[in-house]
Amino acid sequence: MQRFEARRLPSDAAHQAARWIRQTAMYAGSPMPWPKVGIILGSGLNDLLPMVEVAQTIAYQDIPHFPPTTVAGHSGQLDIGTLHDVPVALLRGRFHLYEGHSPELLALPVRTLHALGVETLIVTNAAGGLNPAFHQGDLMVMRDHIGLPTLGGQNPLIGPNDEAVGPRFVPMGAAYDAEMIEWLRNIAKQAHVKLHEGVYIMVAGPTYETPAELRALRFLGADAVGMSTVPEVIAARHLGMKVLGISCITNAATPEEATSVNHDEVLQGARATLPHLDRLLSDFFRALSQKEIAQDSLVDHGRWWDEHQE
């Protein structure tokens with residue numbers, strides 16, 4: 001496996017990447033609207049949203065400052081296109097601390113999406129179910145998170161801060177957009193899809209947790225555990241983006257099951273969530289494409305959500 005050294009990125013790395021993506025799309029002659037919604041797909045979710053009309057696909061390693069992905073279940077490509085006429089960008093795969101990357105690099109894809117025009121971010125992840133009521137194949141909307149690595153100094157905002165980009169000290173009391181959570185809850189109810197709500201906790205990995213660690217994570221108030229997502233959410237909130245988070249419960253992360261978990265089971269569990277997650281996100285974007293929302297509506301969440309609760 002190729003090893004990457006944690007190093008400071010240029011201060012304008014995201015803008016360099018976004019500029020290169022725009023130029024590449026123009027040279028390819030791909031007519032496309034620039035994305036307003038970004039989606040990050042977690043482990044085993046490469047096949048999510050096959051209904052996206054893709055105008056351009058770019059491998060991560062071709063984008064300036066992006067390394068290739070090294071983890072099974074992450075295809076490592078950016079798809080730009082539309083979903084039910086909503087301009088979207090799909091990051092099929094992400095970077096992790098355990099690959100040797102810096103927190104700053106984990107945030108680079110989010111910052112690049114923002115530089116392309118993305119205002120709303122949907123993060124998905126494969127997670128173990130700490131809550132005993134959760135089972136493989138379930139979905140959990142993230143109400144909150146606990147970032148053990150970010151609390152311990154692995155925060156993507158450490159270092160020089162550009163006040164023109166975002167504040168030095170970012171409040172995280174409402175990291176996940178309450179209106180989007182409520183709306184997804186209603187979509188799930190109408191679609192008869194079980195949707196849990198809970199707290200996601202990030203660990204650095206790559207080892208899976210011991211029984212004692214699982215008990216400790218549950219004691220902290222977490223419902224699902226994974227090795228990603230939190231740095232991306234911090235970066236998005238720093239930029240003022242709206243965030244919706246969905247965890248795909250891939251396995252039981254209980255002390256009794258600690259000895260049997262492996263990456264193949266995680267990937268298999270992620271695939272089990274695909275039909276339900278496809279349905280929820282498809283309905284989400286179908287509503288976004290409706291005429292009354294078309295006029296740059298993602299900026300005015302309040303009026304839009306009120307209209308669609310009737």
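A salt bridge here is a side-chain nitrogen of Lys or Arg within 4 Å of a carboxyl oxygen of Asp or Glu. With that rule, a search of the whole structure turns up 10 salt bridges. A caveat before going on: this is a predicted model, where local features need pLDDT of at least 70, side-chain atom pairs count only at pLDDT 80 or more, and totals for chains, interfaces and linings use all residues. Residues are numbered from 1 along each chain as its sequence is written, and side-chain values use heavy atoms, with hydrogens and water left out.

**Charged pairs**

Side chains of opposite charge can pair when their charged atoms come close.

| Pair | N to O distance |
|---|---|
| Asp79 and Arg92 | 2.7 Å |
| Glu182 and Arg185 | 2.0 Å |
| Asp283 and Arg286 | 2.8 Å |

Take Asp79 and Arg92, which form a salt bridge. Asp79 sits in strand β3 (residues 77-83) and Arg92 in strand β4 (residues 86-92), so the pair ties together parts that are 13 residues apart in sequence. Helices and strands are DSSP runs numbered from the N terminus (H or I, at least four residues, for helices; E, at least two, for strands). Asp79 and Arg92 are both buried, where buried means under 20% relative accessible area, exposed means over 50%, and partly exposed is in between (1.4 Å probe, protein chains only).

Glu182 and Arg185 both belong to helix α4 (residues 178-191), three residues apart, about one turn of the helix. Glu182 has 32% relative accessibility and so counts as partly exposed; Arg185, at 30%, is partly exposed too.

Helix α7 (residues 263-288) holds both Asp283 and Arg286, three residues apart, or about one turn of the helix. Arg286 is partly exposed, with a relative accessible area of 41%. As for networks, salt bridges that share partners join Glu182, Arg185 and Glu197 into one.

**Rings**

Rings of Phe, Tyr and Trp (its six-membered ring) pair if their centres lie within 6.5 Å; planes under 30 degrees apart count as stacked, over 60 as edge-to-face and the rest as tilted. That gives five aromatic pairs. One of them is Tyr60 with Phe66, an edge-to-face pair at 5.7 Å centre to centre with 65° between the planes. Tyr60 and Phe66 are both buried, and together with Phe95 they form one aromatic cluster.

There's also a charge over a ring (NZ of Lys or CZ of Arg within 6 Å of the ring centre and within 35 degrees of the ring normal). Arg22 lies over the face of Trp34, at 4.6 Å from the ring centre.

**Strand β5 and its partners**

Strand β5 (residues 120-129) has 10 of its 10 residues buried, so it is largely enclosed by the rest of the structure. Two strands pair if DSSP finds at least two bridges between them. β5 runs parallel to strand β9 (residues 242-252), with 10 bridges joining the two; in β9, Gly245 is the bridge partner of Val123. Strand β1 (residues 37-41) also pairs with β5 in the parallel sense, over four bridges, and Gly38 stands opposite Leu121 in β5. Strand β8 (residues 224-226) runs antiparallel to β5 and is joined to it by two bridges, with Gly128 opposite Val225 in β8.

Back in β9, we find Asn251, which counts as buried at 7% relative accessibility. Asn251 and Ala127 are 124 residues apart in sequence, yet 7.4 Å apart in space, C-alpha to C-alpha.

**Pocket and cavities**

The search uses a 1 Å grid over the protein atoms alone: a cavity is a set of points where a 1.4 Å probe fits but cannot get out, a pocket is an open set with protein on both sides within 12 Å along at least five of seven lines, and lining residues have an atom within 4 Å of a point. Grid points are joined across faces, edges and corners, and a volume is the space filled by probe spheres set on the points.

The largest pocket holds about 580 Å³ of space. Of the 23 residues that line the largest pocket, Ser11, Arg111, Pro160, Asp162 and Val165 are the closest to its centre. Helices α1 (13-27) and α2 (103-116) each supply at least two residues of that lining, and α2 gives the largest share, five residues.

There are two cavities of 30 Å³ or more. The second largest cavity has about 40 Å³ of space, and its lining includes Ile21, Ile63, Phe66, Leu78 and Leu113. Here again α2 provides the largest share of the lining, four residues.
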